[in-house]
Amino acid sequence: MSIACTHLDQIQVTSLPDRIDGCEECLKIGSAWVHLRMCMTCGKIGCCDSSPNRHASRHAAEASHPIMRSAEPEEDWSWCVVDEVAFVYQTGDAA
């Protein structure tokens with residue numbers, strides 16, 4: 001049995017921005033982060049669940065944007081918070 005993300009149709013942003021200064025919310029409040037994630041619906045950059053504020057997951061829940069991708073160098077994985085599945089997104093995967 002294969003586990004798949006059922007939210008690929010919500011992917012609108014696939015490429016990371018040329019410049020990432022950090023977690024958008026942590027920068028506003030002067031907090032630190034561990035790793036960065038990008039929302040694949042709107043492109044918002046947030047901190048991971050290992051960070052104190054968990055802004056990426058908080059954004060996913062509040063905005064109902066289910067898929068985030070790693071914004072770390074040399075990482076190309078994505079995560080669906082609803083289906084709880086990791087995958088590597090390649091152009092053409094979505095509807």
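Entry 1: (I take helices, H or I of at least four residues, and strands, E of at least two, as DSSP runs numbered from the N terminus.) The model is a predicted one, where local features need pLDDT of at least 70 and side-chain atom pairs count only at pLDDT 80 or more, while totals for chains, interfaces and linings use all residues. Residues are numbered from 1 along each chain as its sequence is written, and side-chain values use heavy atoms, with hydrogens and water left out.

Serine 64 has a phi near 55°, which is positive although the residue is not glycine. Its place is just after helix 2. Is serine 64 buried or exposed? I noted it as exposed, because its relative accessibility is 54%. (Buried is under 20% relative accessible area, exposed is over 50%, and partly exposed is in between, with a 1.4 Å probe and protein chains only.)

Arginine 54 also has a positive phi, near 50°, in a residue other than glycine. I located arginine 54 in the loop between strand 2 and helix 2. Its relative accessible area is 42%, so I put it down as partly exposed.

**Entry 2: salt bridges.** How many salt bridges does a search of the whole structure find? I got five. (The rule asks for a side-chain nitrogen of Lys or Arg within 4 Å of a carboxyl oxygen of Asp or Glu.)

Arginine 54 turned up again here, in a salt bridge with aspartate 49 whose closest N and O atoms are 3.3 Å apart. Aspartate 49 is partly exposed, at 42% relative accessible area. I also wrote down a network: Glu24, Glu25, Lys28 and Lys44 are joined by salt bridges that share partners.

As background, an α-helix has 3.6 residues a turn, so residues three or four places apart point the same way. Lysine 28 is exposed at 64% relative accessible area, whereas glutamate 25 is partly exposed at 23%.

Arginine 19 and aspartate 21 form another salt bridge, 2.7 Å from N to O. Both arginine 19 and aspartate 21 are exposed.

**Entry 3: a buried charge.** Next I checked arginine 69, in strand 3. This arginine is buried and has no salt bridge; aspartate 76 is the nearest side chain of opposite charge, 6.9 Å away. (Lys and Arg count as positive, Asp and Glu as negative; His and the chain ends are not counted.) Leaving out residues up to four places away in sequence, I listed what arginine 69 touches, including Thr14, Leu36, Met40, Asp76 and Trp77. (Contact means heavy atoms within 4.5 Å.)

**Entry 4: helix 2 and the spaces beside it.** Which residues of helix 2 are buried? I found His55, Ala56, Ser57, His59 and Ala60. They pack against helix 1, strand 1, strand 2 and strand 3.

Then I looked for open spaces. (On a 1 Å grid over the protein atoms alone, a cavity is a set of points where a 1.4 Å probe fits but cannot get out; a pocket is an open set with protein on both sides within 12 Å along at least five of seven lines; lining residues have an atom within 4 Å of a point. Grid points are joined across faces, edges and corners, and volume is the space filled by probe spheres set on them.)

The largest pocket has a volume of about 160 Å³. It is lined by 14 residues, and Arg37, Asp49, Ser57, Met68 and Trp79 are the closest to its centre. Helix 2 gives the most to this lining, with four residues.

I counted one cavity of 30 Å³ or more. The largest cavity has a volume of about 70 Å³. Of its 13 lining residues, Cys39, Lys44, Ala56, His59 and Met68 are the closest to its centre. Helix 2 gives the most here too, with four residues.
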